Amino acid sequence: MSLDEVTISRAIIARYSNKLTDNLKLDAAVVGGGPAGLVCAWRLALKGRKVALFERKLSVGGGMWGGGMMFNEIVVQAEAKPILDELGVPSVEFEPGYFTADAVTCMSTLTSKACLAGAAVFNLISVEDVMVREDRVTGLVINWSAVEMGGLHVDPLVLAASWVVEATGHATEVMAVIQRKVDQKLLTPSGRLEGERSMWAERAETDTLKNTKEAFPGVIVAGMSANATFGSYRMGPVFGGMLLSGEKAARIIDERLG
Ligand code: 48F
(Lines give C-alpha, C1' and ligand atoms only; values in the text may rest on other atoms or scores of the structure.)
Protein backbone atom coordinates (compact mmCIF):
# COMPACT_ATOMS: atom_id res chain seq x y z
CA MET A 1 0.00 0.00 0.00
CA SER A 2 1.30 3.47 -0.83
CA LEU A 3 1.10 6.14 1.83
CA ASP A 4 -0.10 9.66 1.23
CA GLU A 5 1.09 12.24 3.76
CA VAL A 6 -1.89 14.50 3.24
CA THR A 7 -4.30 11.65 3.99
CA ILE A 8 -2.44 11.04 7.25
CA SER A 9 -2.83 14.72 8.13
CA ARG A 10 -6.51 14.76 7.16
CA ALA A 11 -7.15 11.65 9.29
CA ILE A 12 -5.58 13.21 12.37
CA ILE A 13 -7.32 16.55 11.97
CA ALA A 14 -10.73 14.99 11.29
CA ARG A 15 -10.55 12.44 14.09
CA TYR A 16 -9.27 14.91 16.68
CA SER A 17 -11.89 17.50 15.74
CA ASN A 18 -14.61 14.87 16.12
CA LYS A 19 -13.23 13.78 19.47
CA LEU A 20 -13.10 17.31 20.84
CA THR A 21 -16.53 18.24 19.47
CA ASP A 22 -17.96 15.09 20.99
CA ASN A 23 -16.68 16.13 24.41
CA LEU A 24 -18.02 19.67 24.62
CA LYS A 25 -21.00 18.57 26.75
CA LEU A 26 -20.01 16.32 29.58
CA ASP A 27 -21.37 14.67 32.69
CA ALA A 28 -17.99 15.31 34.27
CA ALA A 29 -14.90 17.24 33.26
CA VAL A 30 -11.81 16.23 35.22
CA VAL A 31 -9.01 18.78 35.46
CA GLY A 32 -5.62 17.17 36.01
CA GLY A 33 -4.35 13.75 35.02
CA GLY A 34 -2.59 12.76 38.22
CA PRO A 35 -3.59 9.62 40.12
CA ALA A 36 -6.73 11.16 41.67
CA GLY A 37 -8.05 12.55 38.39
CA LEU A 38 -7.34 9.38 36.46
CA VAL A 39 -9.02 7.09 39.00
CA CYS A 40 -12.04 9.41 38.99
CA ALA A 41 -12.23 9.38 35.18
CA TRP A 42 -11.81 5.60 35.09
CA ARG A 43 -14.57 5.01 37.64
CA LEU A 44 -17.01 7.40 35.97
CA ALA A 45 -16.35 5.85 32.56
CA LEU A 46 -16.99 2.40 34.01
CA LYS A 47 -20.37 3.73 35.22
CA GLY A 48 -21.15 4.77 31.65
CA ARG A 49 -20.83 8.50 32.36
CA LYS A 50 -19.59 10.89 29.71
CA VAL A 51 -16.28 12.01 31.13
CA ALA A 52 -13.23 13.75 29.75
CA LEU A 53 -9.97 14.59 31.46
CA PHE A 54 -7.82 17.61 30.60
CA GLU A 55 -4.10 17.57 31.34
CA ARG A 56 -1.73 20.44 30.77
CA LYS A 57 1.37 18.36 30.13
CA LEU A 58 2.38 16.05 27.30
CA SER A 59 1.98 13.06 29.60
CA VAL A 60 -0.66 12.34 32.16
CA GLY A 61 0.55 10.98 35.47
CA GLY A 62 1.23 14.05 37.57
CA GLY A 63 3.39 13.22 40.56
CA MET A 64 3.17 9.48 40.32
CA TRP A 65 5.88 8.74 37.75
CA GLY A 66 8.62 9.97 40.03
CA GLY A 67 7.68 7.99 43.17
CA GLY A 68 9.55 9.71 45.99
CA MET A 69 12.49 11.92 45.04
CA MET A 70 12.72 10.17 41.65
CA PHE A 71 12.89 6.68 43.18
CA ASN A 72 10.10 5.39 40.97
CA GLU A 73 8.36 3.16 43.47
CA ILE A 74 5.17 4.17 45.26
CA VAL A 75 3.77 3.14 48.61
CA VAL A 76 0.10 2.29 48.94
CA GLN A 77 -1.44 1.47 52.29
CA ALA A 78 -3.63 -1.56 52.87
CA GLU A 79 -6.93 0.35 52.49
CA ALA A 80 -6.19 1.16 48.85
CA LYS A 81 -4.55 -2.12 47.82
CA PRO A 82 -7.86 -3.44 46.40
CA ILE A 83 -7.66 -0.67 43.77
CA LEU A 84 -4.20 -1.85 42.69
CA ASP A 85 -5.54 -5.40 42.58
CA GLU A 86 -8.52 -4.38 40.46
CA LEU A 87 -6.20 -2.54 38.08
CA GLY A 88 -3.99 -5.60 37.89
CA VAL A 89 -0.95 -3.73 39.18
CA PRO A 90 1.40 -6.06 41.07
CA SER A 91 2.23 -4.93 44.60
CA VAL A 92 4.45 -6.37 47.30
CA GLU A 93 4.05 -6.01 51.05
CA PHE A 94 7.10 -4.30 52.51
CA GLU A 95 6.01 -4.26 56.14
CA PRO A 96 2.53 -5.03 57.42
CA GLY A 97 0.07 -2.68 55.71
CA TYR A 98 2.66 -0.96 53.46
CA PHE A 99 2.53 -2.15 49.86
CA THR A 100 4.90 -1.01 47.14
CA ALA A 101 4.29 -0.89 43.41
CA ASP A 102 6.32 0.17 40.41
CA ALA A 103 5.29 3.76 39.66
CA VAL A 104 5.51 3.34 35.88
CA THR A 105 3.46 0.14 35.87
CA CYS A 106 0.87 1.77 38.09
CA MET A 107 0.50 4.97 36.08
CA SER A 108 0.58 3.35 32.65
CA THR A 109 -2.00 0.75 33.70
CA LEU A 110 -4.28 3.33 35.28
CA THR A 111 -4.10 5.49 32.16
CA SER A 112 -4.84 2.53 29.93
CA LYS A 113 -7.81 1.43 32.06
CA ALA A 114 -9.30 4.94 32.05
CA CYS A 115 -8.96 5.31 28.28
CA LEU A 116 -10.24 1.82 27.50
CA ALA A 117 -13.20 2.29 29.84
CA GLY A 118 -14.24 5.24 27.66
CA ALA A 119 -12.82 8.34 29.36
CA ALA A 120 -11.56 10.82 26.78
CA VAL A 121 -8.12 12.06 27.76
CA PHE A 122 -6.94 15.36 26.32
CA ASN A 123 -3.30 16.06 27.00
CA LEU A 124 -1.62 19.37 26.18
CA ILE A 125 -4.73 21.35 27.17
CA SER A 126 -4.81 23.72 30.14
CA VAL A 127 -7.89 24.81 32.00
CA GLU A 128 -7.55 28.54 32.47
CA ASP A 129 -10.96 29.55 33.78
CA VAL A 130 -14.46 28.36 34.61
CA MET A 131 -17.93 29.28 33.43
CA VAL A 132 -20.43 30.15 36.19
CA ARG A 133 -24.19 30.40 35.79
CA GLU A 134 -26.64 30.96 38.64
CA ASP A 135 -23.92 30.59 41.28
CA ARG A 136 -22.72 27.21 39.97
CA VAL A 137 -19.78 26.15 37.83
CA THR A 138 -21.25 24.90 34.59
CA GLY A 139 -18.19 24.56 32.39
CA LEU A 140 -14.50 25.04 31.72
CA VAL A 141 -12.49 27.49 29.68
CA ILE A 142 -9.69 25.65 27.90
CA ASN A 143 -6.72 26.51 25.77
CA TRP A 144 -3.66 24.80 24.33
CA SER A 145 -0.91 24.57 26.91
CA ALA A 146 1.43 25.81 24.18
CA VAL A 147 -0.56 29.06 24.03
CA GLU A 148 -0.24 29.43 27.78
CA MET A 149 3.47 28.57 27.75
CA GLY A 150 4.16 30.90 24.84
CA GLY A 151 2.22 33.73 26.44
CA LEU A 152 0.34 34.09 23.16
CA HIS A 153 -2.74 36.25 22.92
CA VAL A 154 -5.19 33.59 21.70
CA ASP A 155 -8.73 33.31 23.00
CA PRO A 156 -9.83 30.00 24.54
CA LEU A 157 -12.74 27.66 23.86
CA VAL A 158 -15.43 26.55 26.30
CA LEU A 159 -17.08 23.26 27.23
CA ALA A 160 -20.08 22.50 29.43
CA ALA A 161 -20.03 19.98 32.26
CA SER A 162 -22.61 18.96 34.86
CA TRP A 163 -19.71 18.44 37.26
CA VAL A 164 -16.11 19.57 37.38
CA VAL A 165 -13.46 17.60 39.25
CA GLU A 166 -10.63 19.77 40.52
CA ALA A 167 -7.69 17.34 40.58
CA THR A 168 -4.86 19.74 39.85
CA GLY A 169 -2.79 18.69 42.86
CA HIS A 170 -0.90 21.09 45.09
CA ALA A 171 -1.70 24.06 42.86
CA THR A 172 -5.54 23.88 43.20
CA GLU A 173 -5.73 25.87 39.99
CA VAL A 174 -9.47 25.58 39.43
CA MET A 175 -10.34 26.62 42.98
CA ALA A 176 -7.78 29.43 42.79
CA VAL A 177 -9.35 30.87 39.67
CA ILE A 178 -12.82 30.63 41.24
CA GLN A 179 -11.57 32.42 44.35
CA ARG A 180 -9.94 35.12 42.23
CA LYS A 181 -12.74 35.75 39.77
CA VAL A 182 -16.09 34.68 41.21
CA ASP A 183 -17.77 36.93 43.72
CA GLN A 184 -19.04 34.08 45.87
CA LYS A 185 -17.69 32.22 48.88
CA LEU A 186 -16.10 28.79 48.54
CA LEU A 187 -17.69 25.96 50.56
CA THR A 188 -14.78 25.99 53.02
CA PRO A 189 -14.86 27.14 56.66
CA SER A 190 -13.44 30.56 55.82
CA GLY A 191 -15.11 30.83 52.43
CA ARG A 192 -11.63 30.97 50.89
CA LEU A 193 -8.89 28.47 50.07
CA GLU A 194 -7.59 27.25 53.44
CA GLY A 195 -4.16 26.35 51.98
CA GLU A 196 -1.93 23.30 52.18
CA ARG A 197 -0.08 22.49 55.38
CA SER A 198 3.25 20.80 55.92
CA MET A 199 4.08 17.07 55.93
CA TRP A 200 2.01 14.65 58.05
CA ALA A 201 1.30 11.52 56.06
CA GLU A 202 -1.17 9.83 58.37
CA ARG A 203 -3.38 12.89 58.99
CA ALA A 204 -3.12 13.91 55.36
CA GLU A 205 -4.23 10.55 54.02
CA THR A 206 -7.29 10.39 56.27
CA ASP A 207 -8.14 14.01 55.54
CA THR A 208 -7.80 13.60 51.77
CA LEU A 209 -10.75 11.28 51.79
CA LYS A 210 -12.80 13.50 54.14
CA ASN A 211 -11.98 16.57 52.07
CA THR A 212 -13.04 14.98 48.79
CA LYS A 213 -16.34 16.82 48.43
CA GLU A 214 -18.03 19.77 46.84
CA ALA A 215 -15.89 22.85 47.40
CA PHE A 216 -17.93 25.18 45.20
CA PRO A 217 -21.31 24.42 43.65
CA GLY A 218 -20.58 22.08 40.75
CA VAL A 219 -16.95 21.41 41.72
CA ILE A 220 -15.67 18.34 43.58
CA VAL A 221 -12.10 18.57 44.85
CA ALA A 222 -10.05 15.37 44.71
CA GLY A 223 -6.52 14.29 45.59
CA MET A 224 -3.97 16.72 46.92
CA SER A 225 -6.11 19.68 45.93
CA ALA A 226 -8.79 18.51 48.38
CA ASN A 227 -6.33 18.98 51.23
CA ALA A 228 -5.00 22.26 49.88
CA THR A 229 -8.57 23.55 49.55
CA PHE A 230 -9.68 22.52 53.03
CA GLY A 231 -6.42 23.25 54.86
CA SER A 232 -4.89 19.87 55.54
CA TYR A 233 -1.46 18.35 55.28
CA ARG A 234 0.67 16.98 52.46
CA MET A 235 1.58 13.31 52.49
CA GLY A 236 4.49 12.74 50.11
CA PRO A 237 4.82 9.54 48.09
CA VAL A 238 2.11 7.45 49.74
CA PHE A 239 -0.61 7.21 47.11
CA GLY A 240 -3.51 5.31 48.67
CA GLY A 241 -5.34 8.53 49.55
CA MET A 242 -5.06 9.77 45.97
CA LEU A 243 -6.57 6.58 44.56
CA LEU A 244 -9.36 6.44 47.15
CA SER A 245 -10.09 10.13 46.71
CA GLY A 246 -10.53 9.75 42.95
CA GLU A 247 -12.85 6.87 43.62
CA LYS A 248 -14.90 8.89 46.12
CA ALA A 249 -15.18 11.87 43.76
CA ALA A 250 -16.56 9.55 41.07
CA ARG A 251 -19.03 8.03 43.54
CA ILE A 252 -20.32 11.46 44.61
CA ILE A 253 -20.78 12.57 41.01
CA ASP A 254 -22.42 9.34 39.92
CA GLU A 255 -24.89 9.62 42.81
CA ARG A 256 -25.66 13.28 42.12
CA LEU A 257 -26.17 12.64 38.42
CA GLY A 258 -28.76 10.07 39.44
O1 48F B 1 -0.08 16.62 41.12
P2 48F B 1 -0.89 15.47 40.69
O3 48F B 1 -0.26 14.13 40.64
O4 48F B 1 -2.22 15.48 41.60
P5 48F B 1 -2.95 14.36 42.50
O6 48F B 1 -3.67 13.40 41.62
O7 48F B 1 -1.76 13.54 43.17
C8 48F B 1 -0.83 14.14 44.02
C9 48F B 1 0.42 13.29 44.06
O10 48F B 1 0.97 13.19 42.77
C11 48F B 1 1.49 13.81 45.01
C12 48F B 1 1.11 13.77 46.43
C13 48F B 1 0.48 12.62 47.09
O14 48F B 1 0.87 11.42 46.82
O15 48F B 1 1.29 14.75 47.12
O16 48F B 1 1.82 15.12 44.63
O17 48F B 1 -3.70 15.09 43.52
O18 48F B 1 -1.50 15.76 39.25
C19 48F B 1 -2.12 16.97 38.94
C20 48F B 1 -2.10 17.15 37.44
O21 48F B 1 -2.89 18.27 37.10
C22 48F B 1 -2.28 18.94 36.01
C23 48F B 1 -0.79 18.81 36.30
O24 48F B 1 -0.02 18.99 35.11
C25 48F B 1 -0.71 17.41 36.87
O26 48F B 1 -0.43 16.45 35.88
N27 48F B 1 -2.79 20.32 36.01
C28 48F B 1 -2.58 21.25 36.98
N29 48F B 1 -3.23 22.39 36.66
C30 48F B 1 -3.86 22.16 35.48
C31 48F B 1 -3.57 20.84 35.07
C32 48F B 1 -4.69 22.95 34.63
N33 48F B 1 -5.00 24.22 34.94
N34 48F B 1 -5.16 22.41 33.48
C35 48F B 1 -4.83 21.13 33.15
N36 48F B 1 -4.05 20.34 33.92
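I began with the elements around the ligand: α2 (35-46), β2 (51-55) and β7 (125-133) each supply at least two residues of its shell. The helices (H or I, at least four residues) and strands (E, at least two) are DSSP runs, numbered from the N terminus. The largest share of the shell, 3 residues, comes from β7.

I noted that this is a predicted model, in which local features need pLDDT of at least 70 and side-chain atom pairs count only at pLDDT 80 or more, while totals for chains, interfaces and linings use all residues. Residues are numbered from 1 along each chain as its sequence is written, and side-chain values use heavy atoms, with hydrogens and water left out.

Next I looked up the shell by residue. There are 27 residues around the ligand, and E55, G63, V127, E173 and M224 come nearest. A residue counts as near if one of its heavy atoms lies within 4 Å of the molecule. By class, I found 12 nonpolar, 11 polar and 4 charged residues in the shell. Here Ala, Val, Leu, Ile, Met, Phe, Trp, Tyr, Cys and Pro count as nonpolar, Asp, Glu, Lys and Arg as charged, and the others, Gly among them, as polar.

Then I checked the polar contacts (pairs of N or O atoms within 3.5 Å). A polar backbone atom of G63 is 2.8 Å from an oxygen atom of the ligand. For V127, a backbone N or O atom lies 3.0 Å from a ligand nitrogen atom. For M224, a backbone N or O atom lies 2.8 Å from a ligand oxygen atom. The protein covers 93% of the 730 Å² of accessible area that the ligand has on its own, by the Shrake-Rupley method with a 1.4 Å probe.

Last, I searched the whole structure for aromatic pairs and found 4. Rings of Phe, Tyr and Trp (its six-membered ring) pair if their centres lie within 6.5 Å; planes under 30 degrees apart count as stacked, over 60 as edge-to-face and the rest as tilted. The rings of F54 and F122 have centres 5.3 Å apart and planes at 10°, so this pair is stacked. The pair links distant parts of the chain, with F54 in strand β2 and F122 in strand β6 (residues 120-123), 68 residues apart.

Methods: Polar contact = N/O pair within 3.5 Å; in protein donor to acceptor, adjacent residues only side chain to side chain.
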